[in-house]
Amino acid sequence: AAWAASWAGRAPVFSNANAPVGAPSVVYNPGLGRYFLMLAHANRVDHLGVFDASEPWGPWTTVAYYSDWGNYGNREALQYGTSTKWISADGTSVWVTYSSTGDMDSFNLVEVTLTNSTAAR
């Protein structure tokens with residue numbers, strides 16, 4: 001990371017050429033020793049992006065990128081997130097919250113199991 005003395009020297013810590021980035025959340029997963037960034041691309045709940053990095057400023061790698069996650073259709077996404085209290089000790093089980101508009105404007109919670117896809121290689 002490079003700290004700037006003025007606003008003119010600032011730079012984003014995350015950007016995506018595929019779609020606008022809206023309302024990202026970042027959490028440290030101590031079991032895996034990685035930072036995870038989650039967001040809804042194009043402000044749609046079914047366009048979920050999950051990225052990870054060893055430092056909170058990146059560089060970020062893509063963990064998962066969905067254009068039809070949950071088969072929710074074209075609903076506005078408000079936020080994806082989690083808490084360090086909702087991550088298992090080994091870091092492989094994470095409870096994720098998300099919200100949207102309309103009939104999904106509620107507290108939504110899903111358990112995610114992280115696996116190392118490189119283990120099969």
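Strands here are DSSP runs of E at least two residues long, numbered from the N terminus. With that in hand, the layout of this predicted model is quick to tell: reading from the N terminus, the elements go β-β-β-β-β-β-β. That makes seven strands and zero helices in the protein.

Four of the strands come together in an open sheet, lined up in the order β1-β2-β3-β4 with antiparallel pairing. The edges are taken by β1 (21–29) and β4 (61–65); each has just a single partner strand, so one side of each is left with no neighbour in the sheet. On average, and ignoring direction, neighbouring strands of this sheet are turned by 25 degrees against each other.

Within the sheet, the pairing of β2 with β3 can be followed down to residues. Strand β2 covers residues 34–41 and strand β3 covers residues 48–53; the two run antiparallel and are joined by six bridges. As for individual residues, L37 has F51 in β3 as its bridge partner.

As for the protein as a whole, it has 121 residues, and 32% of them count as buried.

Terms used. Residues numbered from 1 in each chain as written. Predicted model: local features only at pLDDT ≥ 70, side-chain atom pairs only at ≥ 80, totals over all residues. Heavy atoms only, no water. Pairing = 2+ DSSP bridges. Axes fitted to C-alpha atoms, helices over the stretch in contact; angles between N-to-C directions. Buried < 20%, exposed > 50% of the residue type's maximum accessible area, 1.4 Å probe, protein only.
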